[in-house]
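Hi,

Here is the structure I said I would pass on. Have a look first, and my notes follow below.

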Amino acid sequence: MSALTIFVGNLPGDASNDHLEEIFSEIGPVKRCFVVSEKGGGKCRGFGYVTYSMEEDAQRAIREVKEYHGQKIKVSMAKKKINVKKKGAGV
């Protein structure tokens with residue numbers, strides 16, 4: 001089985017990497033976990049990512065994790081980022 005990254009949406013502005021990891025590590029070992037913050041180290045932009053070593057753990061987290069500090073969150077499979085060159089940027 002391969003590693004799988006999940007997207008966590010609807011996080012509160014005070015969400016932290018440590019607390020996100022604490023919640024998701026109850027499902028299984030977390031390989032990588034982070035909230036996306038505003039530039040300059042500001043508050044959470046409302047979403048983050050969690051990567052599990054085992055696909056089974058990621059699937060279970062998608063089914064079972066529904067809250068962050070009592071606030072409903074959205075948990076789904078992360079989509080691969082497609083690198084698209086911007087028009088006018090390049091060689």
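Starting with the open space: the largest pocket has a volume of about 290 Å³. By pocket I mean, on a 1 Å grid over the protein atoms alone, an open set of points where a 1.4 Å probe fits, with protein on both sides within 12 Å along at least five of seven lines. The volume is the space filled by probe spheres set on those points, joined across faces, edges and corners.

Before going further, note that this is a predicted model, where local features need pLDDT of at least 70, side-chain atom pairs count only at pLDDT 80 or more, and totals for chains, interfaces and linings use all residues. Residues are numbered from 1 along each chain as its sequence is written, and side-chain values use heavy atoms, with hydrogens and water left out.

Back to the pocket. Its lining residues (an atom within 4 Å of a point) include F7, R32, F34, Y49 and K80. β1 (4-9), β2 (30-37) and β3 (44-52) each give at least two residues to that lining, with the largest share, 3 residues, coming from β1. Strands here are DSSP runs of E, at least two residues, and helices are runs of H or I, at least four, all numbered from the N terminus.

As for the overall layout, the chain has 2 helices and 6 strands, in the order β-α-β-β-α-β-β-β. The C-alpha trace spans about 45 × 35 × 20 Å along its principal axes. An unreviewed UniProt entry annotates residues 4-80 as "domain: RRM"; such annotations may be inferred rather than shown by experiment, and positions are in the numbering used here, with feature names shortened. The end C-alpha atoms of that span lie 11 Å apart.

Now the inside. Of the 91 residues, 35% count as buried (under 20% relative accessible area; exposed is over 50%, partly exposed in between, with a 1.4 Å probe and protein chains only). Leaving aside neighbours within four places in sequence, L11 is in contact (heavy atoms within 4.5 Å) with residues including L20, V35, F47 and I73.

Cheers
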